[in-house]
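Student: I would like to learn how to read a protein model, going from its confidence to its helix packing and its ligand shell.

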Amino acid sequence: MRLDSLSTLNYRNLAPCTLLFPAGVTGVFGENGAGKTNLLEAAFLALTGLTDVTRLEQLVQQGETEAYVRADLESSGSLSVQEVGLGRGRRQLKVDGVRVRTGDLPRGSAVWIRPEDSELVFGSPSGRRAFLDSLLSRLSARYAEVLSRYERTVSQRNAALRGGEEWAMHVWDESLVRLGTEIMTVRRRALVRLNELAAEANAALGSRKPLTLSLAESTTPEAYAQDLASRRAEELARGSTATGPHRDDLVLTLGDFPASEYASRGEGRTVALALRRAELELLAERFGERPVLLIDDFSAELDPGRRAFLLDLAASVPQAIVTGTERAPGAALTLRAHGGRFTPEVTAEPLPGEPLAEEVRA
Ligand SMILES: Nc1ncnc2c1ncn2[C@@H]1O[C@H](COP(=O)(O)OP(=O)(O)OP(=O)(O)O)[C@@H](O)[C@H]1O
Ligand SMILES: [Mg+2]
């Protein structure tokens with residue numbers, strides 16, 4: 001997968017621009033608040049249609065009502081244009097001018113690695129579930145569909161519990177068990193490969209403690225119906241569904257202990273990196289093409305060895321964009337970020353008569 005160019009309009013603090021990206025690594029450096037993370041976020045949105053902000057309005061430049069991002073990309077030799085329009089809390093996606101749904105964009109097109117990934121390790125189970133669910137949804141459109149139906153069922157069932165509608169429970173339970181069982185089954189199956197890949201990446205990162213991924217399930221496919229029945233009174237009292245895959249955790253064990261409670265900051269960041277590399281490998285295996293890699297703040301919280309791992313990873317994919325407050329070494333193109341603008345850095349002395357980067361931009 002290759003991102004040939006990215007255009008943005010009214011996207012956060014970014015000045016309207018079209019940036020061309022070469023194959024290999026593009027380094028983006030600049031001071032805090034320059035717009036580096038916003039650029040990667042815009043690229044990820046244009047490539048995948050995905051964002052994790054709670055309100056889409058956050059992405060629209062203050063004072064504006066609509067924003068737009070566009071990716072011109074190259075996948076298995078063919079060219080396409082993906083556009084995302086944002087406005088009035090909605091996102092509209094187009095591929096080559098035709099409106100599509102989020103799931104219709106190429107789902108393995110990008111992986112985004114950022115310092116906040118540590119929250120996967122240290123944060124609550126919901127963050128780890130979201131990681132697993134979003135990865136599985138990208139690997140399988142069917143999983144995405146089943147998950148969204150399951151989540152809707154849980155919230156409707158919760159409303160019925162709060163309304164004391166005990167008589168309706170056998171109908172809700174039937175759907176919940178059917179959808180929940182499929183979710184558990186897919187998660188279990190995917191975890192085998194995800195665990196292998198994450199363990200490998202963790203070892204490659206120089207970690208001396210082995211990493212193991214496992215599921216802490218609140219029930220099993222076999223016991224689900226029975227567990228629901230036996231907790232009925234408690235559920236009616238609390239007005240919420242007490243058991244099922246929406247309560248499960250992805251347990252990350254480093255050495256002998258759960259990383260969420262015992263890992264150091266840097267160890268946590270390493271585990272998160274191992275998860276992201278596993279994500280990249282799984283997407284590449286599934287779609288037969290390596291995603292564009294977006295790395296935010298490549299030096300944050302990392303020792304030189306782990307920084308080198310990240311830069312090697314960037315060099316191992318057809319294309320990567322790497323940001324930092326300092327220059328990433330070995331980049332094919334370096335952009336300096338300042339006030340939402342990106343200017344190519346001239347590495348060699350300009351030839352007499354050749355314009356400076358600043359002049360190129362103007
Ligand atoms: N909707 C918005 N409209 C206008 N500006 C915004 C909007 N959302 C965020 N910003 C601003 O964009 C600026 C750049 O943010 P960004 O996170 O991209 O910086 P950064 O270069 O990654 O900085 P750091 O090195 O600190 O990570 C911030 O000053 C932020 O206030
Ligand atoms: Mg940033």
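The dialogue below takes up these features in turn.

Tutor: This is a predicted model, in which local features need pLDDT of at least 70, side-chain atom pairs count only at pLDDT 80 or more, and totals for chains, interfaces and linings use all residues. Residues are numbered from 1 along each chain as its sequence is written, and chains are lettered from A and ligands numbered from 1 in the order in which they are written.

Student: What is the mean pLDDT of the protein chain?

Tutor: pLDDT is the predictor's confidence in each residue, from 0 to 100; the chain has a mean of 93, with 96% of its residues at 70 or more.

Student: At what angle do helix H4 and helix H5 pack?

Tutor: Two packed helices are described by the angle between their axes and the distance between the axes. Helices here are DSSP runs (H or I, at least four residues), numbered from the N terminus, and axes are lines fitted to C-alpha atoms over the stretch in contact, with angles from 0 to 180 degrees between N-to-C directions. H4 (residues 141-162) and H5 (residues 169-204) pack at about 145°, their axes 9 Å apart.

Student: How many residues surround ligand 1?

Tutor: A residue is near a molecule if its C-beta atom, placed from the backbone, lies within 6 Å of it. Ligand 1 is surrounded by 17 residues, and Asn13, Asn32, Lys36, Thr37 and Asn38 are the closest. Helix H1 (residues 36-48) supplies the largest share of this shell, three residues.

How values were computed. Helices (H or I, at least four residues) and strands (E, at least two) are DSSP runs, numbered from the N terminus.
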